[in-house]
Amino acid sequence: MSAISLYAKASPDFASKLAHTQQLLRNAAQLYAPLTQASSLGAEDMVITHLLHTLGIESEIFVLNTGKLHAETLDLLEIVKKHYGQERAVRVYEPDATQAAHFEHRHGEQAMYDSIALRKQCCDIRKMQPLEKALAGKKGWITGLRREQSNTRAEVAEVEQQALRTKVNPLAAWTWGEVWHYIATQAVPYNALHDQFYPSIGCAPCTRAISLGEDFRSGRWWWEDEKAKECGLHVDAAPKIIPIKEIA
Ligand code: SF4
């Protein structure tokens, strides 16, 4: 079944929400350049990439190719490079091959299931270290975080001042229905896994399809406790939340 027919649903205030998001991105481009977008090639990130493209906003897009992504995600990466990569850089960051091979040799290919510590070590090698490289020299980065995604994301602000740069979450207030309404009406390319009940997409060993009624992020690291379910990309000790009027 197509994800569009399953999820797309505009809310009555969608037009004003979209206008607000567009303004937020324009402001971010002025205030936090050089800017980059972190894309996992999930639905939210595709909406942001499309918005950057249609608004002509100068921002790089980066993808962390952990070496464990689904074939469908890699297919979409090629589409993104072709479709959006003409007027902006689409950069792909990979883990250090020696470190990744050493980790697997020592702990096995299934190490992420053995303990949270090993899972986090794998995320550190395959995600956190490449992330650091992707963000080097950037003043701002854009993510697809939404408050609705999980309890741990319920307080996500649209703009957060981190120690080294500013993080912009332009879809913080969007619903899942609105994300898909935008994808449907703007013909945004999306990950084929969404048609197979994968709402949240990450590495293949750590992502599964969900059943009707299951929580949005229940397909990620499903064997772990709810509070542990972040890879570290979006964990910040004490971000300063910038009220929207300060950047408008
Ligand atoms: S999500 Fe899973 S496979 Fe990907 S880096 Fe983390 S532990 Fe490793």
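Y190 touches A3, A43, M46 and I183, leaving out residues up to four places away in sequence. In this predicted model, Y190 sits in the loop between α7 and β7 (240-241). Y190 counts as buried because 24 other C-beta atoms lie within 10 Å, and the cut-off is 20 or more.

**The loop between α7 and β7**

- Besides Y190, this loop holds A187 and W221.
- A187 has a positive phi of about 50°, although it is not a glycine.
- A187 counts as exposed, because it has 8 C-beta neighbours inside 10 Å and 12 or fewer is the limit.
- W221 also has a positive phi without being a glycine; the value is near 40°.
- W221 is buried, with 24 other C-beta atoms within 10 Å.

**Nonpolar cores**

- The largest nonpolar core has 41 residues, of which A28, V47, V179 and I183 touch the most other members.
- At least two residues of this core come from each of α2 (14-31), β1 (35-38), α3 (43-55), β2, α4 (71-84), β4 (140-142) and α7 (176-186).
- Helix α3 gives this core its largest share, six residues.
- Another core lies apart from it and has eight residues, among them L69, C122, C206 and W221.
- In soluble globular proteins, nonpolar side chains tend to be buried together.
- V179 is in contact with A43, E44, V47, L171 and W174, not counting residues up to four places away in sequence.
- I183 is one of the residues that touch the most other members of the largest core, and I183 is also a contact of Y190.

**Strands β1, β2 and β4**

- β1 runs parallel to β4, and three bridges join them.
- β1 also runs parallel to β2, again with three bridges.
- T36 stands opposite W141 in β4, and its bridge partner in β2 is E60.
- A38 has F62 as its bridge partner in β2.
- L35 and Q37 point one way from β1, while T36 and A38 point the other way.
- In a regular strand the side chains alternate between the two faces of the sheet.
- These four β1 residues are all buried.
- β2 is mostly covered, with four of its five residues buried.
- P34 is in the loop between α2 and β1. A cis peptide bond joins A33 to P34, with omega about 0°.

- Helix α6 (residues 116-135) bends by about 45° at D124.
- The buried residues of α6 are R119, C122, C123, R126, K127, P130 and L131.
- These buried residues pack against β2 (60-64), β3 (90-93) and α5 (97-107).
- Of the 11 residues of α5, one is buried, so this helix lies largely in the open.
- A glycine with positive phi follows each of these helices: G108 after α5, near 95°, and G137 after α6, near 80°.

**The ligand shell**

- The ligand is surrounded by 13 residues, and C122, C123, R126, C203 and C206 are the closest.
- This shell divides into seven nonpolar, two polar and four charged residues.
- C122, C123 and R126 are among the closest residues to the ligand and among the buried residues of α6.
- C122 and C206 also belong to the eight-residue core that includes L69 and W221.

**R26 on helix α2**

- R26 lies in helix α2.
- Leaving aside neighbours within four places in sequence, R26 is in contact with L55 and I57.
- R26 and D195 are 169 residues apart in sequence and 32 Å apart in space, C-alpha to C-alpha.

Technical notes. Residues are numbered from 1 along each chain as its sequence is written. This is a predicted model: local features need pLDDT of at least 70, side-chain atom pairs count only at pLDDT 80 or more; totals for chains, interfaces and linings use all residues. A residue is near a molecule or strand if its C-beta atom, placed from the backbone, lies within 6 Å of it. Ala, Val, Leu, Ile, Met, Phe, Trp, Tyr, Cys and Pro count as nonpolar, Asp, Glu, Lys and Arg as charged, and the others, Gly among them, as polar. The bend at a residue is the angle between axes fitted to the seven residues ending there and the seven starting there. Two residues are in contact if their C-beta atoms, placed from the backbone, lie within 7 Å. A nonpolar core is a set of buried Ala, Val, Leu, Ile, Met, Phe, Trp, Tyr and Cys residues joined through C-beta atoms within 7 Å. Two strands pair if DSSP finds at least two bridges between them.
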